[in-house]
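I opened a new notebook page for this protein. These entries record what I looked up, in the order I looked.

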Amino acid sequence: MEQDRDELDGLVRKRIRALRVAQGWSLEELANRANLSQSSLSRIENGQRRLALDQLVTLARALDTTLDQLVETASDDVVTSPVIDGAHGLMRWAIKGEPGMSVVRQRMTEPPPDNPARMRAHPGREWLVVLSGTAILMLGHRRLRIETNQAAEFPTMLPHAIGAEGGPCEILGIFDRDARRGHQRDTLLRTEGGGT
C-alpha cells in the first residue's frame, strides 16, 4: 500500500513538471499562476515537499487540467483489441477514458441510398475520416464528397447516410454514445428488413 502511494506521488510530481514544460512555462510562471512560491513549486516537483490536496487543486487549475486527471493512476491495459463485425465490415474500439465513446473502422462498398427516406437521424455527433477511397456523405439535402485524408464532423440529428463512390472506401469514425446507439439500431433494422 505504501509503495502504491509512493508511486502515485512520484507520478503526480512528474505530471506537474511535464505539464509545466509542455506549456513552455518556467517554475516562476507556474508558481505565480498557482499562487505558490517558486521554491515551494520546485520542492513539490523534486519530491522534497509533501503534496497537499489544496495545492494539487490549485496546481491542476493553473495547469488547465482537473485534479482527477492529475492523480489518475496508470492503467496496465493500455493496448486494446477491437470487436470485429465481419458481416458489416467494421471494427469497433471502446475509448476507456470516455465511456460511451467508440472508434469504428468500416469498409464500405455500396453508394449511399438514393431515397432520402432511408437516411437516419438520431441524437449525437459523429466525426469521421476517410482512410482510403472516396466517401459520399448525404447530410440533409446536401451531397458531400469526402476524399482520402479528409474528415467530416456533424450533428446526427440531421438526416444522414454515408457510402462509397467509385469503388470501396474505408472510414474511421468517432461516435458518442447516442450516435453509436443510433447506428446499432440502424444496423439491426437493415439486418431484419434488408435495407442499407
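**Salt bridges**

I began with E45, which forms a salt bridge with R20, their closest N and O atoms being 2.7 Å apart. For this term I count a side-chain nitrogen of Lys or Arg within 4 Å of a carboxyl oxygen of Asp or Glu. E45 lies in helix α3 (residues 38–46) and R20 in helix α1 (residues 2–23), so the pair ties together parts that are 25 residues apart in sequence. Both E45 and R20 are buried. Buried means under 20% relative accessible area, exposed over 50%, and partly exposed in between (1.4 Å probe, protein chains only). Helices (H or I, at least four residues) and strands (E, at least two) are DSSP runs, numbered from the N terminus.

I noted the ground rules here. This is a predicted model: local features need pLDDT of at least 70, side-chain atom pairs count only at pLDDT 80 or more, and totals for chains, interfaces and linings use all residues. Residues are numbered from 1 along each chain as its sequence is written, and side-chain values use heavy atoms, with hydrogens and water left out.

How many salt bridges does the structure hold? I found 7.

Next I looked at E170, which forms a salt bridge with R105; the closest N and O atoms are 2.9 Å apart. This pair links distant parts of the chain, with E170 in strand β9 (residues 169–175) and R105 in strand β3 (residues 102–108), 65 residues apart. R105 counts as partly exposed, at 30% relative accessibility.

Then I checked E165 and R143, whose side chains meet in a salt bridge (3.8 Å, N to O). E165 lies in the loop between β8 (160–164) and β9, and R143 lies in strand β6 (residues 142–146), so the pair ties together parts that are 22 residues apart in sequence. E165 is partly exposed, with a relative accessible area of 26%. R143 counts as exposed, at 53% relative accessibility. Salt bridges that share partners join R143, R145, E147 and E165 into one network.

**Helix α4**

Which residues of helix α4 (residues 53–62) are buried? I listed Q55, L56, L59, A60 and A62. They cover an arc of only 160° around the axis, which puts them on the same side of α4. The arc is that of the directions from the helix axis to the C-beta atoms. On the other side of α4, I found L53, D54 and R61 exposed. D64 follows α4, and its phi is positive, near 60°.

**The open sheet**

I traced an open sheet of 6 strands in the order β1-β2-β3-β9-β4-β7, with antiparallel pairing. The edge strands are β1 (83–85) and β7 (151–155), and each pairs on one side only. Two strands pair if DSSP finds at least two bridges between them. Strand β2 (residues 90–94) runs antiparallel to β3, and 5 bridges join them. One partner I looked up was that of A94: in β3, it is S102.

**Whole protein**

The protein has 6 helices and 9 strands. Buried residues make up 32% of its 196 residues. Among contacts between residues at least 6 apart in sequence, 61% join residues at least 24 apart. Contact means heavy atoms within 4.5 Å. The protein exposes about 12,200 Å², and carbon and sulfur atoms supply 50% of it. Such areas come from the Shrake-Rupley method with a 1.4 Å probe.
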